[in-house]
Amino acid sequence: MKLLVINGVNLNLTGRREQGIYGTETLSDIESELAAFAKEHGHTAEFFQSNVEGELCTAIQNAEGLFDGIVLNAGAYSHYSYAIRDAIAAVKVPVVEVHMSNVHAREEFRKKSVLTEVCKGEVLGFGKISYFLAMESFWL
Ligand code: DQA
């Protein structure tokens, strides 16, 4: 299985920003661990991060036909990006939404994701482990 892990806005600062919430490992540390995890299980993973909403939409559009699934942490865009929602709905490739933090235990605006309804599923609240669980949901 070929999976694409997409991280959205501000996720490039993982390991530096709000360490009490997002931990101290950098995004590239986590990506390396995810690549190894996929490989161990006979799969491959590629990675993309952007702070730009349209680039995230393009990455989702371009995944069609190339990837079997997408693991997506859109960051704050999850809460209001109808453009990303429409991109997910437009492609046949299944998307699993990820959040490192438990968004339901935080500010009110984080409790709603406009992406969840068009995603295959959602994993949240387990820190970096959320990505691993989302990834393995494609092959378990
Ligand atoms: C996040 C949660 C979002 O509310 C926030 O804007 C992020 C990260 C998470 O991984 O917990 O940037 O998606």
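Two worked exercises on a predicted model follow. Residue numbers start from 1 along each chain as its sequence is written. Local features need pLDDT of at least 70, side-chain atom pairs count only at pLDDT 80 or more, and totals for chains, interfaces and linings use all residues, while side-chain values use heavy atoms, without hydrogens and water.

**Exercise 1.** List what surrounds the ligand, then find polar contacts to the oxygen atoms of the ligand.

*Solution.* 
1. The shell is Arg17, Tyr22, Asn73, Gly75, Ala76, His79, His99, Met100, Ser101, Val103 and Arg110.
2. Look for polar contacts (pairs of N or O atoms within 3.5 Å). Arg17 puts a polar side-chain atom 2.8 Å from a ligand oxygen. His99 also has a polar side-chain atom 2.8 Å from an oxygen atom of the ligand. Met100 uses a backbone N or O atom, at 2.8 Å from a ligand oxygen.
3. Check the cover (Shrake-Rupley method, 1.4 Å probe). Of the 320 Å² of accessible area that the ligand has on its own, the protein covers 98%.

**Exercise 2.** Classify the ring pair of Phe37 and Phe132.

*Solution.* 
1. Count aromatic pairs (ring centres within 6.5 Å). The structure holds 3.
2. Apply the angle classes: under 30 degrees is stacked, over 60 edge-to-face, the rest tilted. Phe37 and Phe132 have ring centres 5.1 Å apart and planes at 70 degrees, so the pair is edge-to-face.

Terms used. A residue is near a molecule or strand if one of its heavy atoms lies within 4 Å of it. A polar contact is a pair of N or O atoms within 3.5 Å; within protein, one must be able to donate a hydrogen and the other to accept it, and residues adjacent in sequence count only if both atoms are side-chain atoms. Rings of Phe, Tyr and Trp (its six-membered ring) pair if their centres lie within 6.5 Å; planes under 30 degrees apart count as stacked, over 60 as edge-to-face and the rest as tilted.
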